[in-house]
Amino acid sequence: MKIVEVVAAVILHEKKILCALKGDHKYDYLSNKYEFPGGKVELNETSEQAIIREVFEELNLLIRVKKHLITVSHEYPNFKIELITFLCETYSINNLIIQEHKKVEWLNSSELLSLDWAAADKPIVNYLLENQI
């Protein structure tokens, strides 16, 4: 089975967390699910560099990586994902432009369970709740 290594950002702004809604996807089980933004690491790029680049490309946000949070291994029906997740912050959302998602929401951690998350992102949500982030 193909293993895909990707990075994800839990982005904080004024004590709220950015949650991004995916649009239609080639795999139905990923369509219209919430996720933490991110993407693949390119050649000669660190995971931290990749998450900064991906968030800028997808959302036009400048972020600062604070620390590694959790790495999730999840097996979907068609591939396995290794999701390296970082806690990040942004100082301004004034330039936010949604490029790759249907919408984004800024929620308190207590509201995260109200969303329909992609399966690989659910352990991240649980981690955030357990650690009161």
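This is a predicted model: local features need pLDDT of at least 70, side-chain atom pairs count only at pLDDT 80 or more; totals for chains, interfaces and linings use all residues.
How many salt bridges does the structure hold? The structure holds nine.

**Stop 1: a pair across the sequence**

Select Lys33 and Asp116. Their side chains meet in a salt bridge, with 3.0 Å from N to O. Lys33 is found in the loop between strand 2 (16-21) and strand 3 (34-35), and Asp116 in the loop between strand 7 (103-107) and helix 2 (122-130), so this pair ties together parts that lie 83 residues apart in sequence. Asp116 counts as partly exposed because its relative accessibility is 41%. As a general point, side chains of opposite charge can pair when their charged atoms come close.

**Stop 2: the charged network**

Next, select Glu42, Glu45, Arg53, Glu54 and Glu57, which are linked in a network of salt bridges. Arg53 and Glu57 are four residues apart in helix 1, so about one helical turn separates them.

Is Arg53 buried or exposed? At 17% relative accessibility, Arg53 counts as buried. Glu54 is likewise buried, with a relative accessible area of 10%, whereas Glu57 is partly exposed, at 42%.

**Stop 3: two asparagines with positive phi**

Select Asn44, in the loop between strand 4 (38-40) and helix 1 (47-59). Asn44 has a positive phi of about 65°, although it is not a glycine. Most residues other than glycine have a negative phi. The relative accessibility of Asn44 is 76%, so this residue counts as exposed.

Then move to Asn60, in the loop between helix 1 and strand 5 (64-75). Its phi is near 60°, again a positive value in a residue other than glycine. Asn60 counts as partly exposed because its relative accessibility is 21%; the boundary for a buried residue is under 20%.

**Stop 4: the largest pocket**

Display the surface and locate the largest pocket, which holds about 660 Å³ of space.

**Stop 5: the nonpolar cores**

Hide the surface and select Val10, Phe36, Leu83, Leu112, Trp117, Ile124 and Leu128. These have the most contacts inside the largest nonpolar core, a set of 28 residues. Strand 1, strand 2, strand 5, strand 6 and helix 2 each give two or more residues to this core. Its largest share, five residues, comes from strand 1. In soluble globular proteins, nonpolar side chains tend to be buried together.

Keep Val10 selected and show its surroundings. Apart from residues up to four places away in sequence, Val10 touches Ile17, Phe36, Leu69, Thr85, Phe86, Leu87, Cys88, Ile124 and Leu128. A second, separate core has 16 residues, among them Val7, Leu18, Leu59 and Leu61.

**Stop 6: Lys80**

Finally, select Lys80, which lies in strand 6. At 27% relative accessibility, Lys80 counts as partly exposed. Which residues is Lys80 in contact with, leaving aside its neighbours within four places in sequence? The contacts are with Met1, Lys2, Ile3, Val4, Ser73, His74 and Glu75. To end the tour, draw a distance from the C-alpha atom of Lys80 to that of Leu107: the two residues are 27 apart along the chain, and these atoms are separated by 28 Å.

How values were computed:
Residues are numbered from 1 along each chain as its sequence is written. Side-chain values use heavy atoms; hydrogens and water are left out. Buried means under 20% relative accessible area, exposed over 50%, partly exposed in between (1.4 Å probe, protein chains only). A salt bridge is a side-chain nitrogen of Lys or Arg within 4 Å of a carboxyl oxygen of Asp or Glu. On a 1 Å grid over the protein atoms alone, a cavity is a set of points where a 1.4 Å probe fits but cannot get out, and a pocket is an open set with protein on both sides within 12 Å along at least five of seven lines; lining residues have an atom within 4 Å of a point. Grid points are joined across faces, edges and corners, and a volume is the space filled by probe spheres set on the points. A nonpolar core is a set of buried Ala, Val, Leu, Ile, Met, Phe, Trp, Tyr and Cys residues joined through side-chain atoms within 4.5 Å. Contact means heavy atoms within 4.5 Å.
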